[in-house]
Amino acid sequence: MTAEHRSQRQLFAIDLRQPGVRAERGGWAAAGMRATETGTARFDRATARPIGEPGQYLTRPGFWHGGIGVAACWLGGARKVAGVLHQRAADRPDDELTLMHLGAVDAMLAGGRSMLEQAAITVDAAPKDAVAARLTAHQVRWGVEQIATAVVDRVNRALGPGPLVHDREHSRAVADLTVYIRQSHADRDLVELGRLAVERHASDEQPPLAVMPGNSDGNSTVIPSAIPTEILR
């Protein structure tokens, strides 16, 4: 588990069988993710073994790689929610409104998949780059959250309340996804992503400018010198 230590978050290993640990059940009121049996643990003078240094748990690249993995689960949940829309379109191939909603959902899910595939390439290229991992995680998590939220809304608008009240599997999928995507820190993550974007922009090297000979009107043309000369001919 993690806990505050020296004003920073630190990871600890705790033997849950010791007398100072008590598990509690029954505090999960939401219908979403009820099957996880998430409970509360109470600690009373329990002993713990620190793992790593204070702050290291959140700064290591693997933490952010794991955050991208959570976004992949969100996208999988969104695909599950979209299943009833696929079925309705198959049952009513001439219903253009259903096809329109399905087309929008399909495009959004494809965009999320592309985002995750690109993130995998970025991670594999620099698995120990904590800065890249943090930036990529924030970008992907925000993007996939928007897609998952939009898919739920689009399916609800397309099909109305019927599947939510009569299809137990679909209703559970919507409830689970709605709770799960709230693991996102939402606008707080956007603030952090903005800071990271500023840092990245400041560190990016701007290509030098080159001045080409004058045009027919006598003016010079200013272009980035990074453009291959073949393109200029």
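These legends accompany close-up views of a predicted model. Residues are numbered from 1 along each chain as its sequence is written, and side-chain values use heavy atoms, without hydrogens or water. In this predicted model, local features need pLDDT of at least 70 and side-chain atom pairs count only at pLDDT 80 or more, while totals for chains, interfaces and linings use all residues.

**View 1. Helix 8 and its buried face.** Helix 8 covers residues 187-203. Helices (H or I, at least four residues) and strands (E, at least two) are DSSP runs, numbered from the N terminus. The 17 residues of helix 8 reach 25 Å from first C-alpha to last, close to the 24 Å expected at 1.5 Å a residue. The expected span is 1.5 Å times one less than the number of residues. Asp189, Glu192, Leu193 and Leu196 are the buried residues of helix 8. Seen down the helix axis, these buried residues fall within an arc of 105 degrees, so they line one face. That arc is taken from the directions from the helix axis to the C-beta atoms. Here buried means under 20% relative accessible area, exposed over 50%, and partly exposed in between (1.4 Å probe, protein chains only). The buried residues pack against helix 5 (130-159), with contact meaning heavy atoms within 4.5 Å. On the other side, Asp187, Val198, His201 and Ala202 are exposed.

**View 2. Helix 2 and its cover.** Helix 2 runs through residues 61-81. Its 21 residues should span 30 Å at 1.5 Å a residue, and its end C-alpha atoms are 31 Å apart, which agrees. Its buried residues include Trp64, Ile68, Trp74 and Val81. Their cover includes helix 1 (56-59), helix 3 (83-91), helix 4 (96-125), helix 5 and helix 7 (168-180).

**View 3. His170 in helix 7.** His170 is buried, at 4% relative accessibility. Leaving out residues up to four places away in sequence, His170 touches Val81, Val84, Val155, Pro163 and Leu164.

**View 4. A salt bridge between Arg182 and Glu145.** The closest N and O atoms of this pair are 2.9 Å apart. The pair links distant parts of the chain: Arg182 sits in the loop between helix 7 and helix 8, and Glu145 in helix 5, 37 residues apart. Arg182 is partly exposed at 44% relative accessibility. Glu145 is buried at 6%. A salt bridge is a side-chain nitrogen of Lys or Arg within 4 Å of a carboxyl oxygen of Asp or Glu. The whole structure holds 11 salt bridges.

**View 5. Arg45 in a loop.** Arg45 lies between strand 4 and strand 5 (49-51). Its phi is near 55 degrees, a positive value in a residue other than glycine. Arg45 is exposed, at 76% relative accessibility. Its side chain meets that of Asp44 in a salt bridge (3.4 Å, N to O). Asp44 is partly exposed, at 45%.

**View 6. Leu16 and a nonpolar surface patch.** Leu16 lies in the loop between strand 2 (8-13) and strand 3 (21-24). Leu16 is exposed, with a relative accessible area of 58%. Together with Met1 and Phe43, Leu16 forms a nonpolar patch with about 300 Å² of accessible area. Patches take residues with over 30% relative accessible area and no salt bridge; like charges are joined within 9 Å, nonpolar side chains (Val, Leu, Ile, Met, Phe, Trp, Tyr) within 5 Å. Accessible areas come from the Shrake-Rupley method with a 1.4 Å probe; for residues, only the protein chains shown count as cover.
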